[in-house]
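Subject: Structure handover

Hi,

Here is the structure for your files. Please open it and keep it in view while you read the notes below.

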Amino acid sequence: STSSWLFWVDTVMAVLFAIDIVLNLVTGFVKRNGTIETDAMVIARRYASHWLPFDVLTAVPWEAVSTAAGIAPGEVTWFAVPRMLRLLKLAKVPELWRRVALSRTVTRLEVRLRLSYARL
């Protein structure tokens, strides 16, 4: 049935968004001066002050919550608002692509310069 299908899609999305939260809490970022921040506390503080509240809202399995609250599947309620917020998460995609491009660039540079971190 459609409601069962929506429930599982929503649940899988919630799990993926929860994994995204964990990854964001441990993934470094490039500072304005071009260095990479790897201090876990600094990373967590920065994430908490930027995307964490939004990501937590989008990670909640709202279909399951609305079902548990006795709301019929597909019924428009305030539970629909956080589900719509997931679409806004697409705003993070360009940032993700920049990270991927930076990673590839750094890897190419390391190969070209024949850097070995074992020797450093």
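First, a term: a residue is buried under 20% relative accessible area, exposed over 50%, and partly exposed in between (1.4 Å probe, protein chains only).

This is a predicted model, so local features need pLDDT of at least 70 and side-chain atom pairs count only at pLDDT 80 or more, while totals for chains, interfaces and linings use all residues. Residues are numbered from 1 along each chain as its sequence is written, and side-chain values use heavy atoms, without hydrogens or water.

The fold: the protein chain has six helices and two strands. Both are DSSP runs, numbered from the N terminus: helices are H or I with at least four residues, strands E with at least two. The order from the N terminus is α-β-β-α-α-α-α-α. Of its 120 residues, 20% count as buried.

The salt bridge: the whole structure holds one. The term means a side-chain nitrogen of Lys or Arg within 4 Å of a carboxyl oxygen of Asp or Glu. Here lysine 31 pairs with glutamate 37 at 3.4 Å, N to O. Lysine 31 is partly exposed, at 31% relative accessible area. Glutamate 37 counts as buried, at 12%.

The patch: Val12, Val15, Leu16, Ile19, Leu23, Leu25 and Val26 form a nonpolar surface patch with about 620 Å² of accessible area together. Such patches join nonpolar side chains (Val, Leu, Ile, Met, Phe, Trp, Tyr) within 5 Å, and like charges within 9 Å, from residues with over 30% relative accessible area and no salt bridge. Areas come from the Shrake-Rupley method with a 1.4 Å probe; for residues, only the protein chains shown count as cover. Valine 15 lies in helix α1, residues 2–26. Valine 15 is partly exposed, at 46%.

Best wishes
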